[in-house]
Amino acid sequence: MIIEAVVEDLGIKQKVFKEMDGLTDKNVILASNTSSLPVTKMAEVCAHPERVIGLHFFNPVNRMPLVEVIRAAQSSEETIERTVQFSRRLGKTVILTEDRPGFLVNRLLHPYLNEAAYLLEQGMSAEKIDKIAEDFGMPMGPIELVDQVGIDVGYKVAHILQEAFGDRMKVAKILEDVKTKGLLGKKSKKGFYVYDGKKKTVNPEVKTGSGSKVSDEDALKRMIYIMINEAARCLEEKVIDSAGTVDIGMIMGTGFPPFRGGLLRYADSVGAASILKDLERFQKEVDTKRFEPCNYLRELAKKGIGFHV
């Protein structure tokens, strides 16, 4: 097996795959550590596309237990099985996803981070937003997490998802403003926060809104429910096989609080009808596209059942 981890640029990855395809035996698996690019497009440039697969590790790799194995349209069952076995030998927890933009974890995580940025634009402070998420049980607040990932990296993934899903995932303008200023997050010591050793303070260079009228309860609901709605779409589109896979992926890949049972176990504790009602309210009050409930969630609410049957 060869795993490439070059820059997230499809053209460059295709060149790498074409070269690897010409230099290796057809039994060698060619895997991409891409976080959001189409693995199927990488396979297209290979003479033996059936041996191409996605193998997405999460940072930091030595601490994060999850890997996403991404089935390209051409991936053979043997390639999938060997890759899953290889990942388990590394001690990783494996989820298998279809080749869709953002796969599972980034597709759900981006709307959460993006919504936090919209709350900033509406005047809620970074510290308040992060505290709301941490009080819920998240290991780190979303604003600090954007800094941790790297604003340049996050912005690139965000635009890939915006291109794929349109206005539903429209990137908050404040993310573009911060990137334009050259603020990259923790790696450059400056992002939404300024970092001095273990100490962090709000960066005065970042211009946010003022006088937020959003309640803490609604801020939390907006960040969490937008993920639940996107997870319902992933089930609707058969990107993954079950609600349990979503829960494992979010706990192991993002640190979603295990005591909540996972994203969709938490959704079931709230109830689909209640989530639907709030999403429809946010549609009217905030944004019609971002909070538009998907049909899968509407059906659950209509039938009075949860994600876990």
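Start by selecting R281: this arginine is partly exposed, with a relative accessible area of 26% (buried means under 20%, exposed over 50% and partly exposed in between, with a 1.4 Å probe and protein chains only). Before moving on, note that this is a predicted model, in which local features need pLDDT of at least 70 and side-chain atom pairs count only at pLDDT 80 or more, while totals for chains, interfaces and linings use all residues. Residues are numbered from 1 along each chain as its sequence is written, and side-chain values use heavy atoms, leaving out hydrogens and water.

**Stop 1: around R281**

R281 and D278 are about one helical turn apart, because they sit three residues from each other in helix α12, residues 272–285 (helices are DSSP runs of H or I with at least four residues, strands are runs of E with at least two, and both are numbered from the N terminus). D278 has 8% relative accessibility, so it counts as buried.

Next, pick R290 and D287, whose side chains form a salt bridge at 3.3 Å, N to O. R290 is buried at 5%, whereas D287 is partly exposed at 22%. Now select E217, D218, K221, D278, R281 and E285 together: salt bridges with shared partners join them into one network.

**Stop 2**

For one of them, show E115 and R222, with their closest N and O atoms 2.8 Å apart. This pair links distant parts of the chain, 107 residues apart, with E115 in helix α4 and R222 in helix α9. Both E115 and R222 are buried.

**Stop 2: the cavity**

Grid points are joined across faces, edges and corners, and a volume is the space filled by probe spheres set on the points.

To see the lining, select P111, N114, R168, M169, I226, N229, E230, R233 and R290. Helix α9 (216–236) gives the most, with four residues.

**Stop 4**

For the largest pocket, of about 1300 Å³, centre the view on N59, N106, L109, L145 and V149, which lie nearest its centre among 42 lining residues. Then colour β3 (52–57), α4, α6 (142–149), α7 (151–165) and α10 (243–254), the elements that give two or more residues to this lining. The largest share, nine residues, comes from α7.

The second largest pocket holds about 180 Å³. Of its 14 lining residues, I95, L96, T97, D241 and T245 are closest to the centre. Strand β5 gives the most to this lining, with five residues.

**Stop 3: cysteines**

Finish with C294 and C234. The sulfur of C294 is 9.4 Å from that of C234, its closest cysteine sulfur, and therefore too far for a bond. The structure holds zero disulfides (pairs of cysteine sulfur atoms within 2.5 Å). C294 is buried at 4% relative accessibility, and C46 is buried at 7%.

Methods:
1 Å grid on protein atoms, 1.4 Å probe; cavity = no way out; pocket = protein on both sides within 12 Å on 5 of 7 lines; lining within 4 Å. Salt bridge = Lys/Arg side-chain N within 4 Å of Asp/Glu carboxyl O.
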